[in-house]
Amino acid sequence: MTDTPSLPGCKTRPAMPENFLWGGAVAANQCEGAYNAGGKGLSTADVLAAGSQGVPRPYTDGVKPGLYYPSHGAIDFYHRYKEDIALFAEAGFKCFRTSINWTRIFPEGDEESPNEAGLRFYDGLFGECLKYGIEPVVTISHYETPYTLVKKYGSWRSRRMIEFFTRYCEAIFTRYKETVKYWLTFNEINVITLNPVMAAGIRVEADESFDRVVYQAAHHQLAASAKAVALGREINPNFKFGMMMLYPPFYAETCRPEDQLAAMGAMDSHYLFSDVQVRGAYSRKAINMLTEKDALPDEEAGDAEILKNGTVDFIGFSYYNSNVATTRKEAGFTGGNMLNAVKNPYLKESEWGWAIDPAGLRIAMNNLYDRYGVPVFVVENGLGAQDVVEEDGSIRDPYRIDYLRRHIMAMKDAVLTDGVACLGYTVWGCIDLVSASTGEMKKRYGLIHVDKNDDGSGNLGRRKKDSFYWYQRCINTNGEELG
Ligand code: BGP
């Protein structure tokens, strides 16, 4: 396994910033459960049945009897958040990233006014964080869309979604304007081109142009995000808005110029999103690429203005694995977050085939900061692995500690040596939760173990893993003690 190669140069800072936001991250649909409590409506996540490694999750037309839907119960964070946040506080979290379940606030999505019970739930949740001095970092839309909006309007295919999303944002910005400062609009907004079902509740039919459908829907999300940012700043000028993208650094497989061009092209398809959200307009290359694909989205008069007025303050991104660009036809593939990756012979892989590459995180941070000059925020990073509960109840997870240690060291290199401005770092799935891609529980990311299995069995008991204590020490020493 390669370690982060050292770059020449000297440290630009002696230590991590004092206000660095160490913490953990989850998504509502992967942990809350209680899918129909408090008047909550059905979301796209609630009609995604369980899959497994290599077996896609069935996206069903409503809830079908006989199928297991992991979001319905998840880890019951809805009823246990007080106990869980107390554990996050014990670990020393400075921030906690979670999302709001849109369908708790607008159960159908197109109502005129919000559901008070849903709003009250998040009053309690954010209040509990603040009680311990934990800053909430809130994703507005994390892989769940009101299912009624899918049925009635075709989800993000429809421009009307901008109006529904804006109404939802107005309700939460107004309600939480004193409790939440950091907002991320859409989780991994670039994933709409890789997994439109998960990201937007859109199933592209065989007789449709995939590119036309997804880039049109993406345009609606980009406009909705920009409108939300502008609206949020009116409601509270102190809000800080971030975009959130999946960032897969692509390495050219060889120094053949064609491979270099392939790597550049692969990255450009992701930068399309960050260019719009950070710079406020589609880039020249994006317009060329979309024109070539015959997928230039229909825009309305005023859209350019909307995008320009709703640029973000920082870039949140997820990082799990790097990828390889090649022009070779016979290249072998392995797993990866949302997109399969070409195998990199220099890297080991997780049990789910995702390449483990700490240096890629340093590269990602540098690339983003060099390109845009706004702070970055590592809002997802972690290792999905199977854990064993020992007879005495302990959970030894040196593999997870090793993964986190090496990624945090790489992040520190980016901050301390390369001078990248970074707001914080949140371990993905700080408490075990449902895997987004497979619906499994056994793919565990947590520092805290939850007694819940793939078939829904388990008593939901929480247990601290070894990695919990390791991360606690890391946070307590502001990233100094990683041994
Ligand atoms: C990201 C998602 C998360 C999360 C994570 C790990 O793409 O934003 O929701 O689940 O990946 O992926 P998985 O759960 O598939 O292992």
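Which residues in H9 meet which residues in H12? The first legend has the answer, after two notes on the model. This is a predicted model, with local features needing pLDDT of at least 70 and side-chain atom pairs counting only at pLDDT 80 or more, while totals for chains, interfaces and linings use all residues. Residues are numbered from 1 along each chain as its sequence is written, and side-chain values use heavy atoms, leaving out hydrogens and water.

**View 1. Helix H9 packs against helix H12.** On the H9 side you'll find Tyr-271, Ser-274, Asp-275, Val-278 and Arg-279, and they meet Asn-367, Leu-368, Arg-371 and Tyr-372 in H12 (contact means heavy atoms within 4.5 Å). Sorted by class, that's four nonpolar, two polar and three charged residues (Ala, Val, Leu, Ile, Met, Phe, Trp, Tyr, Cys and Pro count as nonpolar, Asp, Glu, Lys and Arg as charged, and the others, Gly among them, as polar). H9 spans residues 257–279 and H12 residues 358–372; their axes sit 11 Å apart at an angle of about 45° (axes are lines fitted to C-alpha atoms, for helices over the stretch in contact, and angles run from 0 to 180 degrees between N-to-C directions). The helices themselves are DSSP runs (H or I, at least four residues), numbered from the N terminus. H9 and H12 are therefore oblique to each other (under 35 degrees counts as roughly parallel, over 145 as roughly antiparallel, 65 to 115 as roughly perpendicular and the rest as oblique).

**View 2. Helix H6 packs against helix H8.** H6 (residues 160–175) and H8 (residues 210–235) pack at about 30°, axes 9 Å apart, which makes H6 roughly parallel to H8. From H6, the contact includes Ile-162, Phe-165 and Phe-173; among its H8 partners are Ala-223, Ala-224 and Leu-231. The class tally here is nine nonpolar, four polar and two charged residues.

**View 3. Helices H2 and H4 cross at roughly 10°.** The axes of H2 (residues 77–91) and H4 (residues 116–131) come within 10 Å, and the angle makes H2 roughly parallel to H4. Phe-77, Tyr-78, Tyr-81, Lys-82 and Ile-85 in H2 meet Phe-121, Gly-124, Leu-125, Glu-128 and Cys-129 in H4.

View 4. Ser-437 puts a side-chain N or O atom 2.4 Å from a ligand oxygen. For Glu-380, a polar side-chain atom lies 2.8 Å from an oxygen of the ligand.

How values were computed:
Helices (H or I, at least four residues) and strands (E, at least two) are DSSP runs, numbered from the N terminus. A polar contact is a pair of N or O atoms within 3.5 Å; within protein, one must be able to donate a hydrogen and the other to accept it, and residues adjacent in sequence count only if both atoms are side-chain atoms.
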